[in-house]
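Below is a briefing on a structure, arranged by topic. Please read it alongside the sequence and the coordinates.

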Amino acid sequence: MFKYIIRRIIQTIPVLIGVSILVFSMMHLVPGDPAQIMAGESAPKEQVENIRERLGLNDPLPVQYLSYIGDALQGDLGNSMRSGRDVTSEIGARFWVTVELAVYSTIVAVFIGLIAGVISATRKYSFADTSLMLIALFGLSMPNFWLGLMLIQWFAIGIDLPSWVPFISDTSWFKPSGWGSFQQVVLPVITLGTGSAAIIARMTRSSMLDVIGQDYIRTARAKGVKERIVVYQHALKNALIPVVTVVGLQFGGLLGGAVLTESVFAVNGMGKLIIDSIKARDFPVVQGTILVVALLFVIVNLIVDITYRYLNKRIDLD
Amino acid sequence: MQKQKELLKVTDLKQYFPIKGGILGRTVNHVKAVDGVSFTIYEGETLSIVGESGCGKSTTGRAILRLDEPTSGEVEFDGNNLLDYSKKEMNKVRKDMQIIFQDPYASINPRHTVRQILTEAMEIQNSVPKQERNDRVLELMQTVGLGPHQADRLPHEFSGGQRQRIGIARALSVDPQLIIADEAVSALDVSIQAQVINLLKKLQRDFKLTYLFISHDLGVVRHISDRIIVMYLGKIVEIADKKSLFNNQMHPYTKALLSAIPSTNTEVKRERIILKGDVPSPIDPPAGCRFHTRCPFATDLCRTEVPELRNGDGMTDGHMAACHYMEEIKNGEHQPTVV
Amino acid sequence: MTSAPNTYENILEIKDLQTSFFTKDLEVKAVDGVSFTIPKGKILGVVGESGSGKSITSLSILRLIEDPGKIVGGEIRFKGENLLDKTEAQMRKIRGNEISMIFQEPMTSLNPTFTVGQQISESYKIHQGLNKKQAKERSIEMLKLVGIPSPEKRVDQYPHELSGGMRQRVMIAMALACDPDLLIADEPTTALDVTIQAQILDLMKDLQERLGMGILLITHDLGVVAETCDYVAVMYAGKVVEFTDAKTLFKSPKHPYTVGLMKSIPPHDHDIEGDLSVIRGSVPSPAEMPKGCRFAPRCPFATDLCRENLPDLITDEEGNQIRCWIYSDEWNGDPEVDVHAETERTT
């Protein structure tokens with residue numbers, strides 16, 4: 001197991017190099033001269049030349065890349081062109097906001113997805129199964145920015161409905177924007193987690209159905225094990241194996257989804273930072289943020305693989 | 001035994017499958033599935049390979065047809081070494097050598113009708129002129145005991161026994177000389193199995209076919225074979241004509257294997273040799289004789305020296321076994337070393 | 001359990017068991033009126049080809065038939081009590097405790113995510129209320145009993161670390177953990193090599209003698225039956241066609257199906273001249289079950305009587321049972337018919 005972890009960590013190195021090259025080339029792939037863009041359309045020639053010199057843009061590309069990576073490894077991702085502050089501190093606090101959003105959403109998605117999936121699988125073709133899977137289909141097909149807007153409308157601002165409609169009319173239980181308090185966190189987490197919950201529910205259902213048909217489940221029943229324990233211990237532990245992979249992939253997807261969700265709810269996280277920086281053509285910040293998100297994604301994948309390995313004893317052959 | 005024409009000659013065939021591992025996924029070891037196997041198949045005979053799972057019998061069959069690329073050795077067919085052939089040449093030779101698998105359903109396209117399945121093989125080999133193919137299909141179906149009205153049915157509409165008949169018909173469609181039957185009747189119920197065995201024997205008489213029959217069922221093997229090879233852990237332990245093998249088996253493994261088969265003959269109480277333990281892993285097979293870990297007669301010699309396949313005293317021509325002590329065990333001079 | 005004295009002679013009595021599978025427009029009678037008994041401490045073999053209903057019968061005993069299957073009739077008397085009258089909770093106390101079961105595929109019958117020890121321990125925890133430590137100790141003892149070397153080490157291993165033979169030993173250890181009165185073994189050696197099969201059958205016989213439980217052995221291999229069983233029930237298309245003691249069956253099989261089955265197996269201990277004798281045709285599909293005797297379309301002796309009417313299970317003086325018109329008073333075919341006569345040897 002230890003050997004495996006080491007091997008997996010070593011295997012992430014090429015991925016990180018690849019990502020950094022991509023991020024680095026972004027600066028050079030955008031049309032126009034980055035120095036000119038930074039300096040502004042009407043800046044004098046000397047100023048552009050100055051920036052070019054300061055950023056080392058006159059050096060050959062490999063040299064530029066190496067110095068970029070060298071700085072990045074020391075935590076120096078350059079300076080924001082908008083605020084002038086260094087990118088690392090610009091990302092700083094927002095990093096945790098996005099991580100919180102993604103982690104909470106994952107937890108909610110896993111929780112709801114697993115329960116719904118298991119209920120569906122153990123009551124195949126029942127009313128509960130059909131309705132849950134229908135809801136999951138809705139959850140899957142709903143764009144999350146739209147869901148976010150709807151949630152804001154219904155649960156934060158309140159809508160004008162006849163007074164006999166319970167609950168919904170004229171409520172403002174939750175806050176439509178910001179991050180920190182419980183009232184602020186709920187709606188973005190639901191928005192972001194719904195799609196994943198739906199995917200996890202469907203995955204859990206099919207995986208459980210597969211496992212429940214296996215011989216060892218029959219063995220457990222023949223031993224006199226209670227049905228509840230058959231389902232939640234014997235079956236679920238095996239059914240989780242493919243689900244873990246999906247959860248990992250979903251987490252990556254959530255980081256992407258955070259960009260939209262943060263914009264809808266005006267959450268000041270990395271997603272919003274990327275969008276704002278793109279609008280302002282603040283390349284160093286965009287680069288830095290993407291690099292951090294990629295790193296996060298790689299780490300999550302690593303954790304998923306190790307968990308998978310832990311659950312699936314059969315592949316642990318060394 | 002009179003001199004017959006050699007159809008296929010296998011010399012020192014080895015099939016090692018690499019095991020990947022380590023941090024960089026290098027090949028760290030090999031599964032030595034077949035480790036230096038030599039034998040000859042004569043024209044018109046049925047040669048069987050028996051042995052338990054993991055002994056390398058199926059791998060040998062696949063290696064001969066180069067379905068897996070063998071590691072080393074020679075496979076001479078009609079005087080040419082198949083392992084030197086290019087892919088294209090090999091495909092041509094496959095016309096003469098067909099294989100039937102245990103599960104015919106897994107090896108035929110479930111969306112093709114019987115007619116398509118049978119025509120396809122003829123098309124690939126271009127062995128039958130286009131206008132005659134349809135007649136040939138019906139003829140083949142009749143040969144294997146299927147009705148012409150079934151030609152346009154899909155495989156799932158047939159029972160297991162009938163599907164195996166389709167598999168046999170497909171093999172026959174290109175007029176092969178050699179058919180490798182890899183556990184071809186193992187998955188069938190006994191009453192159906194008997195029908196298919198009789199069919200295979202009839203086809204052999206009618207078309208002068210040569211069979212390499214791979215099976216774990218010694219009853220079936222006894223009924224169908226002329227000569228038999230017993231394999232254990234990638235090596236041949238004994239090879240003999242049917243009579244010698246069943247009446248005068250020399251290798252302790254062959255003896256144990258035969259005695260382990262449950263018999264419906266309750267009148268005769270037979271002495272049963274129950275082998276201890278499991279077959280060792282083919283990754284690091286035991287040194288010396290590979291059977292020594294389970295052999296009741298094993299000595300230090302067996303643990304260190306690999307026994308040669310040889311024809312010993314009191315054995316018929318062509319009967320060979322690989323045991324250091326086979327004569328001594330036979331005449332009672334060498335007694336079991338473990339009780 | 002009730003404290004009634006052991007008045008029963010038979011550990012298991014099945015009477016007219018019927019188990020069906022229901023599809024939208026069809027009732028498939030997988031088990032159609034099966035009856036047999038297992039005397040205390042004896043081994044009964046149930047033989048049949050695929051589709052004979054032998055496995056469904058065994059699952060019915062433990063009431064482990066799943067949707068869309070259902071036991072639709074009959075009685076399963078275990079120690080004198082009808083299991084079909086028990087509640088699900090009562091059944092759970094019987095499963096793995098008084099009746100346990102081992103299955104054909106040792107590769108897939110053990111849970112890959114639990115250690116061998118955890119899986120055996122579970123029985124002790126459920127049925128005897130042992131704690132984790134005690135259960136593990138008992139598991140090690142069981143592993144030793146079934147002949148697994150270094151059980152202290154094996155107990156913490158996962159199933160994939162064991163060979164097929166070892167896994168089947170673990171299954172047996174698990175089944176025998178609570179000292180059951182009846183062991184149901186569904187093709188326990190079919191997936192194993194012959195030398196390993198010999199080990200496992202030897203072990204089962206040995207444990208049966210030591211522990212005295214009854215065994216229901218389900219198999220398609222007549223050789224296995226001949227070497228292990230005291231009694232045999234031959235099944236064909238959901239019905240028992242012959243039920244007798246093993247010696248009699250192998251010496252003088254009576255039902256044409258049993259005879260045909262025995263003749264179609266190529267023996268390994270003597271040669272057969274020419275072709276094997278065969279049973280023509282194949283097992284009828286449940287959707288087109290023959291109206292009369294299920295075997296009539298394949299039987300070389302069948303008359304119109306057989307094709308039109310289903311024969312009853314006839315019991316002779318010695319208690320052997322047979323379901324065939326030939327042995328009844330109504331038989332209207334050749335009165336001198338010899339079921340052992342040469343039949344066809346077609347392909």
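Read along the sequence, chain A has the pattern α-α-α-α-α-α-α-α-α-α-α-α, where helices (H or I, at least four residues) and strands (E, at least two) are DSSP runs numbered from the N terminus. This is a predicted model, in which local features need pLDDT of at least 70 and side-chain atom pairs count only at pLDDT 80 or more, while totals for chains, interfaces and linings use all residues. Residues are numbered from 1 along each chain as its sequence is written, chains are lettered from A and ligands numbered from 1 in the order in which they are written, and side-chain values use heavy atoms, with hydrogens and water left out.

- Chain A holds 12 helices and 0 strands.
- The C-alpha trace of chain A spans about 85 × 65 × 30 Å along its principal axes.
- Helix α5 (residues 87-122) and helix α11 (residues 270-279) of chain A pack with their axes 8 Å apart, at an angle of about 130 degrees. Axes here are lines fitted to C-alpha atoms, for helices over the stretch in contact, and angles run from 0 to 180 degrees between N-to-C directions.
- The angle makes α5(A) oblique to α11(A), because angles under 35 degrees count as roughly parallel, over 145 as roughly antiparallel, 65 to 115 as roughly perpendicular and the rest as oblique.
- On the α5(A) side, E90(A), I91(A), R94(A), F95(A) and T98(A) meet M270(A), G271(A) and L273(A) of α11(A); contact means heavy atoms within 4.5 Å.
- The residues of this contact between α5(A) and α11(A) comprise 4 nonpolar, 2 polar and 2 charged. In this scheme Ala, Val, Leu, Ile, Met, Phe, Trp, Tyr, Cys and Pro count as nonpolar, Asp, Glu, Lys and Arg as charged, and the others, Gly among them, as polar.

**Salt bridges**

- A search of the whole structure finds 40 salt bridges over all chains, each being a side-chain nitrogen of Lys or Arg within 4 Å of a carboxyl oxygen of Asp or Glu.
- One of them joins the side chains of E90(A) and R94(A), at 3.7 Å from N to O. Both residues lie in helix α5 of chain A, 4 residues apart, about one turn of the helix.

**Interface of chain B and chain C**

- The contact takes 41 residues from chain B and 43 residues from chain C.
- About 3,500 Å² is buried between chain B and chain C, and carbon and sulfur atoms give 53% of it. Buried area is the accessible area (1.4 Å probe) that two parts lose on being put together, summed over both.
- N198(B), R222(B) and P262(B) supply 16% of the area that chain B buries against chain C, more than any other three residues.
- The rule finds 2 salt bridges across this interface of chain B and chain C; in a salt bridge between R272(B) and E227(C), the side chains meet at 2.6 Å, N to O.
- Between chain B and chain C, 17 residue pairs (both at pLDDT 80 or more) are in polar contact. A polar contact is a pair of N or O atoms within 3.5 Å; within protein, one must be able to donate a hydrogen and the other to accept it, and residues adjacent in sequence count only if both atoms are side-chain atoms.
- On the side of chain B that touches chain C, the elements giving two or more residues are α7 (190-207), α8 (218-224), α9 (242-247) and α10 (252-260) of chain B. α7(B) gives the most, with 12 residues.
- By class, that side of chain B has 15 nonpolar, 12 polar and 14 charged residues.

**Interface of chain A and chain C**

- Here 21 residues of chain A are in contact with 27 residues of chain C.
- The area buried between chain A and chain C is about 2,200 Å², with 58% from carbon and sulfur atoms. R218(A), K223(A) and K313(A) lose the most area in chain A to chain C, together 30% of what that side buries.
- The rule finds 2 salt bridges across the interface of chain A and chain C. R221(A) forms a salt bridge with E66(C), the closest N and O atoms being 3.2 Å apart.
- Polar contacts between chain A and chain C number 13 residue pairs (both at pLDDT 80 or more).

**Backbone features**

- The peptide bond from D67(C) to P68(C) is cis, with omega near 0 degrees. P68(C) sits in the loop between α1 (54-61) and β4 (69-78) of chain C.
- D175(B), a residue other than glycine, has a positive phi near 55 degrees.
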